[in-house]
Structures are given as structure tokens and as C-alpha cells.
Amino acid sequence: MDVDQRTCRTNTEEEEKAHFKRILNALQAYKNDSMTRLSRTRHHFSQLPAHQHALLTQLAYPSQLDRLAELIDQNHQVITEMIADAASMFLNVDPDPELVPRGKSSQVSTRPEDIEKIHSTLKQFARDWSQEGAKERQQAYMPIIEELQEAFPEKRGVKILVPGAGLGRLAFDIAQAGFDCQGNEFSLFMLFASNFVLNKCRTVECYTIYPWIHNFTNNMSMQDMGQAVSFPDVNPNEIPDEVNFSMTAGDFLDVYSDPEYRESQDCVATCFFLDCANNILDFIELIHKILKPGGRWINLGPLLYHFSDIPGEFSIEPSYDIVKGAIQSSGFEFLKEKTGVKANYTQNVQSMLQYEYRCVFFHCKKTAK
């Protein structure tokens, strides 16, 4: 599967290269950053009164911390393989020697938000490409796929766009069902990971990671925290020969504002995506533009509004009733709508803390230019 990079017009080439290097450095620094966090816990343990230290030692607490260090190293080995060909990941960009991984992490401190995104990416492997993620995919992906199959029974030649594709499983499953499908993703963390799964994994469950080891709270046992997840659960190479499946790298608003995409898609499928917008109205308007006359928009997700509380970021957060009115006023007819659709997102099912979204599912038809 090819990854086509469509660079963002608002950034210079040097800014994009700097961003790429920052993300690459963060991934290379995963082991050092994780061990630094673990060292903090070890230091606190060493500061306990002697009788408390002895008690936790008797209960094998130090052994649990040693085990975490082993699992960090195993995650590190997978991440190292994941970024090995980073400089040549994009098909329409010549490899840049400056972007070749050097084998050791940069001395530049990793931003806290980048550390969190690496942890999130590990959990996305579980959600999208493991047996452990099957329940979440059943909740979030299957309603979209089933609706597509009902709306387009002919399948062949039907063009589906999946913006915010993440690690690519929804787009892959849509293509495997017989549709032409293109996924789009902006996050380099997700793009590195999806490229690794879709282009480098040749057999089922050929890699094992430990996505929950950075969750130090709400654990019933060390076994739950250190649960192994093997991926991929299916062979990513098993796509029908007659189907076109691809991924584009770049900001959705930038990439698909290009005139070549106007009225180009039979359907846009959005899953946990709309709330990734600084301005959700921009997403609604662009989805309308890129759909063919009579094209469909199928959505499932909440309204978390990712930029809502980030200092310095523009963000509007209309409630769903207002969003629905904006969709209708933009030239869409609602064919189907369900509220309260329950869905989890990258949850460790063994954790003492469980989040559950009550999502909105809808199927709209473009009715006006």
C-alpha cells in the first residue's frame, strides 16, 4: 500500500522537515523517556521508610518494576523497526539523508505531548490490529461498513474516503469488503505506524507489544498492566486485486481542498473524526464539496473537540443539535440517525477505569450543490 504525501501549503519545506525530525526523535527517545519515568517510581520506592520498603519488596513490587523495564525494551525494539525506513516512507518524496534514524535518541528533550502520542499509538495498534481490539472495532467500524454495504450493494468502483484514518484498519476493512478506499491521516505518529502494519507486516501476529505499561494507575494486577498484544490479527496484504486501496498523508482540509477532489467521492466515512477539527464547519463544508451529487456521508463518533482546552488553539465546540442543523443547512439530507451508540476507545478492558462514549451515528445524502 502506497503512502502519498501531500504537503501542507501553510508550512514551508523546512518547517515540515523540522516537524518530521521532531516526531522521529521522539520515537527514537521512547526507551530513554520511558525509563526516566520508571526511574522516578523506583526513586520514590527507595525513599520509603524501611519497614514499608521491606513490605513491598516481600510482595514483589521491585520485580514488577524490573518487568516493566523489560517490556519497555520490547516496545522499543518494535518502534525501532517501525521507523527504520522513515526517510523513504512517502512515495512522492525523495529520501532525505537527514531523516535517516541514527540508532540512538537525540539529546533534545521530548515534548510531553509527543510522549503521550507515542503511548496513544501503541494503544491504537491494539484497537486497530489485534484480537483484543475486536470489540471496539465491532462497536465503531462495523456499523459504518454495514451501512456502506447496504447503500452501495454493487461495491466495485465505488470510491470511499476515510479521513482521520489513524492506523488504517477501517479503510483496510472497507477495501477488503470490495470498495475502492483511500484513507487520509495527518499525524506522523499514526502514519509511521500504519505504514509499518500495511507495508511491513507480512504474516499474522508477527509482532508483540505491551500498550498498557504506561498506565500506572487503576491496575488490578501487574499482569493486566503488562498484557501482551500481538499484531496484526489479519494479513494486511489480503486486499482484492481489483480494489484500489491507498493512504494520503496530510491535513484533510489542505489535501482535499485541491480542485482535483471536487465531487470525486461516492462516500465519506468518518469515525471518531469530526471533533478533531478546530472548526467543525470547515469539515462539513469540505465533505459536501468532495462528494459527488447524491453522495453519502456516514459518521460515527462523539464530540470531544480535541482543541477545546489547548492554550493558543482556535476552537469552537457546538453541541450536536447545532452540528446537525449546520449539516442540513450545508446541503445534506439525513437518511438515518441514531444517538447513544455505545463505544469504547483504546481501553484496557482489565483496567479499573473504563470510559464509554455515547456516540452519534448518521447517514446523510448530498442533496444540493
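## A chat about helix H13 and a few other spots

Me: Okay, what covers the buried residues of H13?
Reply: The cover includes helix H12 (280-290), strand E8 (291-301), strand E9 (332-343) and strand E10 (357-366). Keep in mind that this is a predicted model.

Me: And which residues of H13 are buried?
Reply: H13 spans residues 320-329, and Tyr320, Val323, Ala326 and Ile327 are buried there. Looking down the axis of H13, you find its buried residues within an arc of 115 degrees, so they line one face of the helix.

Me: What about the other side of H13, which residues are exposed there?
Reply: Asp321, Ile322 and Ser329 are exposed on that other side.

Me: What happens just after H13?
Reply: Gly331 sits there with a positive phi of about 105 degrees.

Me: Switching topic: how many cavities of 30 Å³ or more does the structure hold?
Reply: One. The largest cavity has about 80 Å³ of space. It's lined by 13 residues, and the closest to its centre are Leu274, Asn299, Gly301, Pro302 and Leu303.

Me: Which elements give two or more residues to that lining?
Reply: E8, H13 and E10 do. The largest share comes from E8, with three residues.

Me: How does the lining divide into nonpolar, polar and charged?
Reply: Eleven of the lining residues are nonpolar, two are polar and none are charged.

Me: Now Arg169. Where is it, and is it buried or exposed?
Reply: Arg169 lies in helix H8, which covers residues 169-176. Arg169 has a relative accessible area of 6%, and buried means under 20%, so Arg169 counts as buried.

Me: What does the side chain of Arg169 make a polar contact with?
Reply: With the side chain of Asp233, at 2.7 Å. Leaving out residues up to four places away in sequence, Arg169 touches Asp128, Trp129, Arg137, Tyr141, Asp233 and Val234.

Me: Which residues does the cis peptide bond join?
Reply: It joins Phe231 and Pro232, with omega at about -10 degrees. Pro232 is in the loop between strand E5 (229-231) and strand E6 (245-249).

Me: Why point that out?
Reply: Because most peptide bonds are trans, and most residues other than glycine have a negative phi.

Me: Then which residue has a positive phi of about 65 degrees although it is not a glycine?
Reply: That's Lys155. Lys155 lies in the loop between helix H7 (142-151) and strand E2 (159-163), and is partly exposed, with a relative accessible area of 25%. Tyr305 is not a glycine either, and has a positive phi of about 55 degrees.

Me: Where does Tyr305 lie, and is it buried or exposed?
Reply: Tyr305 lies in the loop between E8 and H13. Tyr305 counts as buried, at 6% relative accessibility.

Me: Last one: where is Ser257?
Reply: In the loop between helix H11 (252-255) and strand E7 (265-271). Ser257 is partly exposed, with a relative accessible area of 44%.

Me: What does Ser257 touch?
Reply: Phe252 and Leu286, not counting residues up to four places away in sequence. A polar atom of the Ser257 side chain also lies 2.4 Å from the backbone oxygen of Leu253. Finally, Ser257 and Lys289 are 32 residues apart along the chain, and their C-alpha atoms are separated by 8.4 Å.

Terms used
Residues numbered from 1 in each chain as written. Predicted model: local features only at pLDDT ≥ 70, side-chain atom pairs only at ≥ 80, totals over all residues. Heavy atoms only, no water. Buried < 20%, exposed > 50% of the residue type's maximum accessible area, 1.4 Å probe, protein only. Helix = DSSP H or I, 4+ residues; strand = E, 2+ residues; numbered from the N terminus. Arc of directions from axis to C-beta. Contact = heavy atoms within 4.5 Å. 1 Å grid on protein atoms, 1.4 Å probe; cavity = no way out; pocket = protein on both sides within 12 Å on 5 of 7 lines; lining within 4 Å. Points joined across faces, edges and corners; volume = space filled by probe spheres on them. Nonpolar A, V, L, I, M, F, W, Y, C, P; charged D, E, K, R; others polar. Polar contact = N/O pair within 3.5 Å; in protein donor to acceptor, adjacent residues only side chain to side chain.
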